[in-house]
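Let's take a friendly walk through a protein model. Have a look at the structure below, and then we will go through some of its parts together.

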Amino acid sequence: MAGIRLPPEDSDIPQARAPTNADLVSDDDRSVAADSWSIKSDYGSTLDDDQRHADASDALASGNFRAASDYSSDKDELDSEVVTSMLGLQSYWDAAYADELTNFREHGHTGEVWFGVEVMEIVVSWTKSLCIEISQGHMPNHLDDAKSEPVEQGEKYLSSWSVLDIGTGNGLLLQELAKQGFSDLTGTDYSEGAIDLARSLADRDGFTNINFLVDDVLESKLERQFQLVMDKGTLDAIGLHPDGPIKRIMYWDSMSRLVTPGGIFVVTSCNNTKDELIREVDAYNQRVLGASQEPDTPKDQDISRDSPPFRYINHVRSYPTFMFGGSVGSRVATVAFLRS
């Protein structure tokens, strides 16, 4: 949840806890975990790459980077429980997508639309407008949430954009982007079941041009960069892993490699506010710039010594807001960053 964190509506639902092996195969426990935290995400990571894990640990210990929870004064009561949620574990998502794949094959069900259809449509329409503005030579800092151009007018710009959706889940976000005129589309997820489901849905719905691959964003094997990288819930799930703070650093390292210079990264979160995401990126930028000044930095390392890797350019302003405890907040935040 972004902005204001509300307790679960059902007070009888138990709090999420560190899972056991028995938990991870229980449909009831998976349902409780999802309902308790209201996290609708597509991706988590259990990467155990020793060197990158050690590098991220060193960076976290050095004080140059703080976990997103350190920035939020309204998270103190939840931090100790949230970071060990089952939704941060690959085993949870493998089981969840195995169920959804079975439901699709037996009943034709599409499965869960994480964050809901309305949010997905807002993200797609807003991102389309942003890409068209950039294609026309404009770099908006305050793009209005106006209706985008008709698809037939935008296609001349959008067909040239290479798009990657990390933690793609069932791939429906990419289908919506294809409807708007994007054509170079790739979706990745480290859950093989998710990719099987995404491919099946794309074939059924006539989107055979979308490329789906099994790939872990924290140790991506992709050999290309993309002008537009999308994340709808992936960072949320990574942050819920027991090693969430370390893995978030590894996440931003991966984003800096996947987004081509001059491209944009659009992240949608229900567990971070817009300001939290911006501060997390600023902290990452500072760490990278500090590392680039060290004399033993490899010359071939992709680090700019003069500019930060990412720069905030805009965020969605059209999500419904609500008042709680005297504060105004939104349940979802979508923020765009420019790759330097």
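## Confidence and strands

Residues 143–149 are a stretch where pLDDT stays under 50, and for this stretch the model has 19 contacts beyond four places in sequence. This is a predicted model, after all. Another such stretch is residues 1–49, where pLDDT also stays under 50; here the model has 139 contacts beyond four places in sequence. Where pLDDT is low, the predicted coordinates should not be read in detail. For the chain, the mean pLDDT is 76, with 64% of the residues reaching 70 or more.

Now let's turn to the strands. Is strand β2 largely enclosed or open? Five of the six residues of β2 (residues 184–189) are buried, so the rest of the structure largely encloses this strand.

| Strand pair | Sense | Bridges |
|---|---|---|
| β1 (residues 162–166) and β2 | parallel | five bridges |
| β2 and β3 (residues 211–214) | parallel | four bridges |

Ile166 has Thr188 of β2 as its bridge partner. To get from β1 to β2, the chain passes through helix α7 (residues 172–179), and this β-α-β crossover is right-handed.

Moving on to the other pair, Asp189 stands opposite Val214 in β3. Between β2 and β3 the chain runs through helix α8 (residues 192–205), making a β-α-β crossover that is right-handed.

Notes:
Residues numbered from 1 in each chain as written. Predicted model: local features only at pLDDT ≥ 70, side-chain atom pairs only at ≥ 80, totals over all residues. Heavy atoms only, no water. Buried < 20%, exposed > 50% of the residue type's maximum accessible area, 1.4 Å probe, protein only. Helix = DSSP H or I, 4+ residues; strand = E, 2+ residues; numbered from the N terminus. Pairing = 2+ DSSP bridges. Right-handed = clockwise from strand over helix to strand, strands pointing away. pLDDT = per-residue confidence, 0-100. Contact = heavy atoms within 4.5 Å.
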